[in-house]
Amino acid sequence: IVSTFNNYNDLYPDWTQREVSTGTTIMAVEFEGGVVIGADSRTTTGAYIANRVTDKLTPIHERIFCCRSGSAADTQAIADAVTYQLGFHSIELDEAPLVQTAASLFREMCYRYREELMAGIIVAGWDPRRGGQVYTVPVGGMMTRQPVSVGGSGSSYIYGYVDSNYRAGMSKEECLKFTAEALTLAMERDGSSGGVVRLAVISEQGVERQVILGNQLPKFSTV
Amino acid sequence: MRLANTSVAVSDERAHTAQSLSGDAYATFIHDLYVEFLIMDSHHSYSQVKGVSTGTTILAVKFNGGVIIGSDSRASMGESYVSSKTINKLIQVHDRIFCCIAGSLADAQAVTKMAKFQLSFHSIQMESPPLVKAAASIMRELCYNNKEELQAGFITAGWDRKKGPQIYVVSLGGMLLSQPYTIGGSGSTYIYGYVDAKFKPDMSLEEATQFSTNALALAMGRDNVSGGVVHLVVITEAEVKHVVVPGNKLPKFHDE
């Protein structure tokens, strides 16, 4: 819940009274051998775009990332806390942490402080035990594993597209194309999503990141 | 006066009368007031979804030689009761012109009844079938001039001799817009990405039918106030065909 003063007059510009939000589109897809994650790059304070090149794909551990949506402050704080906890846990264990552990830590925090927080997070990564995994922790603090997950304000517009285009057993390149196209469609319709598309592939080999700039985004027929 | 969690404006005399009542008489007074409130207020649709669209998914798409207009078949009261599983939301306003409604059913029925009458009158005066744009214009006039009271938007689609197949959308405040394809209702948010990606101008009838059925099925799969069967009406120069796709014949997607 964004707290605002109901002070709609021209003396105070909109952005001085609105919380900074990552009204956003985020997505993660599992494939054989890893995961592909993606996000748009817009952070808004009301109608003002505070950051048009945001990086919403945050590393939590070497092969575990999270995609952040909701309040920018809340998600940054949670991600920092989980990064610390997971790092400590990994040292104790003396091996790479499980993606499920990271997701569980997010869920603990998001559920315990559910009244104070506004955070929708997708946790994705690769671990040696279970390979590529995607866990979603939406607002409210539930956690569930899904082969493909979308989140943020722009996600509503692409449920139909994702439902119809996802197939189990896609290759890494097919997943990258699928994610880029879905994010582009959402960015076109959602005012709070836009900018560039940031993608990352997480696998046993490590993390490969890429950026697709505005003029290189996939184009869809009619315009 | 406060009624449950709502404030209702009543005339001074009524409020004054209320003060002198007690016990059963007062309870009856409040009950009568509540019933009146429900009737007066029944055209407002309470929905958690963006805007004031009620549970529905509607669409219209132009193809080579005609238009397809389609909808789901669920009517819901609130978010948890389905009052009808098989309602037809596609209303014929003339031989080759259909409308579908997004918003309050009551308002929509009132507007389409009026539009049907005005359109047939216009058609008789002009001694020729009406233009789709004329039908859409009539809806727009009604929506714009009564924008304070009404909460309904329309998709008007059809075929006429002058411009062939056309689709017009009249939104809540009374804007009129012509589009090659359009979607509406609460379920439409989930299929914006799908229709933006899949629409091609000048599709064949089969492609357009598949496009519409898929889009409606996807929306019905994600929106809990859309559902039932898919109603499609195919309008071409030659004929008007009503197709119903029942639940078990709907396309299934990866997680079903």
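In what order do the five strands of the open sheet in chain B lie? The order is E7-E8-E9-E10-E11, and the pairing is antiparallel. At the edges of this sheet are strand E7 (90-94) and strand E11 (176-178) of chain B, each of which pairs on one side only. Neighbouring strands are turned by 25° against each other on average, direction ignored. The model is a predicted one.

**The chain B sheet and its helices**

E7(B) and strand E8 (residues 97-103) of chain B run antiparallel and are joined by four bridges. Within this pair, B:Gln92 has B:Phe98 in E8(B) as its bridge partner. Two helices pack on the sheet. Helix H3 (residues 105-126) of chain B touches E7, E8 and strand E9 (152-160) of chain B, and its direction makes about 20° with that of E7(B). Helix H4 (residues 132-145) of chain B touches E8, E9, strand E10 (164-170) and E11 of chain B; the direction of this helix makes about 165° with that of E9(B).

For chain B as a whole, there are six helices and 14 strands. Of its 256 residues, 46% count as buried. Among contacts in chain B between residues at least 6 apart in sequence, 62% join residues at least 24 apart.

**The chain A sheet**

Chain A also has an open sheet of five strands, with the order E11-E2-E3-E12-E13 and antiparallel pairing. Its edge strands are strand E11 (148-151) and strand E13 (206-212) of chain A, each pairing on one side only. The twist from one strand to the next averages 15°.

| Strand pair | Direction | Bridges | Example of paired residues |
|---|---|---|---|
| E7(B) and E8(B) | antiparallel | four | B:Gln92 and B:Phe98 |
| E3(A) and E12(A) | antiparallel | six | A:Gly34 and A:Ser203 |

Strand E12 (residues 197-203) of chain A pairs with strand E3 (residues 34-39) of chain A, and a hairpin joins E12(A) to E13(A) through two residues. Is E12(A) buried or exposed? Seven of the seven residues of E12(A) are buried, so this strand is largely enclosed by the rest of the structure. The burial covers both faces: A:Val197, A:Leu199, A:Val201 and A:Ser203 lie on one side, with A:Arg198, A:Ala200 and A:Ile202 on the other.

Helix H4 (residues 172-189) of chain A lies across strand E2 (26-31), E3, E11, E12 and E13 of chain A, and runs at about 160° to E2(A).

**A helix pair in chain A**

Helix H1 (residues 72-93) and helix H2 (residues 99-112) of chain A pack at an angle of about 135°, and their axes are 10 Å apart. The two helices are therefore oblique to each other. H1(A) passes H2(A) in a right-handed crossing.

Which residues of H1(A) meet H2(A)? They are A:Ile78, A:Ala79, A:Ala81, A:Val82, A:Gln85, A:Leu86 and A:His89. On the side of H2(A), the residues met are A:Thr101, A:Ala102, A:Leu105, A:Phe106, A:Met109 and A:Cys110. The residues of this contact divide into 10 nonpolar, three polar and no charged.

Technical notes:
Residues numbered from 1 in each chain as written. Chains lettered and ligands numbered in written order. Predicted model: local features only at pLDDT ≥ 70, side-chain atom pairs only at ≥ 80, totals over all residues. Heavy atoms only, no water. Pairing = 2+ DSSP bridges. Axes fitted to C-alpha atoms, helices over the stretch in contact; angles between N-to-C directions. Contact = heavy atoms within 4.5 Å. Parallel < 35°, antiparallel > 145°, perpendicular 65-115°, else oblique. Left-handed = near helix turned anticlockwise from the far one by under 90°. Nonpolar A, V, L, I, M, F, W, Y, C, P; charged D, E, K, R; others polar. Buried < 20%, exposed > 50% of the residue type's maximum accessible area, 1.4 Å probe, protein only.
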